[in-house]
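Good morning, everyone, and thank you for making time for this.

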Amino acid sequence: MAARIREAAGEDLEESHEINVTPFIDVILVLLIIFMVAAPLATVDVNVDLPGSTATPALRPETPLFLTLKSDLTLAIGNDSVLRPAFAAVLDTRTKGDKQTRIFLRADRNVGYGELMEVMNLLRAAGYLKVALVGLETASGVSSAVPAGSGNPASAATGNTAP
């Protein structure tokens with residue numbers, strides 16, 4: 001408690017009901033300094049100097065082979081629906097047995113990651129390791145006017161899957 005000193009020596013000290021905020025300000029300043037010092041140490045920062053690529057883009061095939069995973073989890077090669085048990089045989093006939101053919105895989109937005117991985121496992125089991133994932137290009141966060149069925153492999157993010 002704080003007390004007020006009066007000039008008269010014989011009187012009792014009167015209590016002051018005002019809050020002394022100086023200790024609170026001191027505590028807040030100390031906490032601020034602690035957090036300012038500790039915050040940069042708490043972040044994980046891995047410096048990676050990625051190399052640039054001067055490789056020319058891969059040539060686009062004249063007739064790309066699209067494998068589509070629809071929202072109802074059915075598969076389609078090109079425009080033809082395919083049952084999963086007959087998937088490898090139909091894919092072999094469409095590629096004429098060439099396992100080096102790049103397959104452009106596209107999936108509906110509502111398809112889960114697990115279902116997409118199952119289709120990639122089907123491709124791997126059939127011997128097709130060159131898979132390109134197809135997505136729509138976006139400009140400034142807005143989808144472009146390229147329809148999903150147009151088969152524009154220029155908007156594909158290509159990459160090989162690991163066996």
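Predicted model: local features only at pLDDT ≥ 70, side-chain atom pairs only at ≥ 80, totals over all residues.

How much accessible surface does the protein have, and what share of it belongs to carbon and sulfur atoms? The accessible surface comes to about 12600 Å², and 59% of that belongs to carbon and sulfur atoms, where areas come from the Shrake-Rupley method with a 1.4 Å probe and, for residues, only the protein chains shown count as cover.

Residues are numbered from 1 along each chain as its sequence is written, and side-chain values use heavy atoms, with hydrogens and water left out.

The protein has three helices and ten strands, which are DSSP runs numbered from the N terminus (helices H or I, at least four residues; strands E, at least two). Of its 163 residues, 19% are buried, and here buried means under 20% relative accessible area, exposed over 50%, and partly exposed in between, with a 1.4 Å probe and protein chains only.

Let me turn to two residues. Leu-29, in helix α1 (residues 22-42), is partly exposed because its relative accessible area is 46%. Thr-95, in helix α2 (residues 87-95), has a relative accessible area of 9%, and is therefore buried. Leaving aside neighbours within four places in sequence, Thr-95 is in contact with Leu-65, Thr-101, Ile-103 and Tyr-128, contact meaning heavy atoms within 4.5 Å. Thr-95 and Leu-65 are 30 residues apart in sequence, yet their C-alpha atoms are 8.2 Å apart in space.
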